[in-house]
Amino acid sequence: MRIVLIGFMGSGKTTVGRLLADRFAITHIDTDPIIAERTGLPTVGEAFSHLGESAFRALESSILAESCRRDSGIISPGGGIVTVNGNRAHLAGWHIVYLHTPFAVVEARLSSSEQQARPLLRNRDTAVALYDSRLPIYRSWATHEFSTVGRHPEEIAAEIATTPFLLSPPPSSLTANR
Ligand code: S3P
């Protein structure tokens, strides 16, 4: 089983990823804490601010590439992996599940301290613009899309886990989206 969960900050990638990994008894890889650990900083937000976005993205891409070499697992990368085109190639052979969450739901779901902990959410106008620019990319990379609106993470994980797409092999070519 090889699944990567993509989506905007606050869409539930980590929570749903853990639940799916438990269900299938396979490894869950969350790239944000790995980034924090490798930079020696307490949080991924501090790593982002300290490194600057381009060094942060380079580190994130290399951790993603390593993670995608596994034979199985559930990967929950940061919401920004779709900003690096080259990352798409690492995901070949993985089911790419987009957790769709409207911006208003993200805002309502994350506490103000959780928003402040994410440098890219600190300014509302730029966060909205970022959301709008990323939405089409999430959709173009995704092989499957699930809505998280009004649903508990357990329900979302159960829906993903019981959907027949998991019975077919993930697309191995970059053009086989959707
Ligand atoms: C980011 C998302 C964050 C974290 C960093 C940048 C982004 O992860 O990697 O703050 O660019 O969307 P989550 O999506 O897990 O919040």
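Before we start: helices here are DSSP runs of H or I with at least four residues, numbered from the N terminus. Keep in mind that the model you're looking at is predicted.

**Exercise 1.** Find out which helix gives the most to the shell around the ligand.

*Solution.* Step one: list the shell. The residues around the ligand are Met9, Lys13, Asp32, Phe56, Arg57, Glu60, Gly78, Gly79, Gly80, Arg118, Leu120 and Arg134. Step two: look at helix H4, which covers residues 53-67. Phe56, Arg57 and Glu60 are on the list, and helix H4 is the top contributor with three residues.

**Exercise 2.** Sort the shell around the ligand by class.

**Exercise 3.** Work out which side chains have an N or O atom 2.7 Å from a ligand oxygen, and where the ligand sits.

*Solution.* Start with lysine 13: its side chain has an N or O atom 2.7 Å from an oxygen of the ligand. Arginine 134 gives 2.7 Å too. For arginine 118, the value is 2.8 Å. Now for cover: on its own the ligand has 390 Å² of accessible area, and the protein covers 96% of that. As for the place, the ligand sits in the largest pocket.

**Exercise 4.** Describe the fold and say how compact the chain is.

*Solution.* First, count elements: you get nine helices and five strands. Next, compare sizes. The chain's radius of gyration is 15 Å, close to the 16 Å from the globule rule for 178 residues, so the chain is as compact as a globular protein of that length.

Conventions
Residues numbered from 1 in each chain as written. Predicted model: local features only at pLDDT ≥ 70, side-chain atom pairs only at ≥ 80, totals over all residues. Heavy atoms only, no water. Near = heavy atom within 4 Å. Polar contact = N/O pair within 3.5 Å; in protein donor to acceptor, adjacent residues only side chain to side chain. Areas by Shrake-Rupley, 256 points an atom, 1.4 Å probe, with all protein chains shown as cover. 1 Å grid on protein atoms, 1.4 Å probe; cavity = no way out; pocket = protein on both sides within 12 Å on 5 of 7 lines; lining within 4 Å. Sits in = over half its atoms within 2 Å of the grid points. Helix = DSSP H or I, 4+ residues; strand = E, 2+ residues; numbered from the N terminus. Nonpolar A, V, L, I, M, F, W, Y, C, P; charged D, E, K, R; others polar. Rg over C-alpha atoms; globule rule 2.2 N^0.38 Å.
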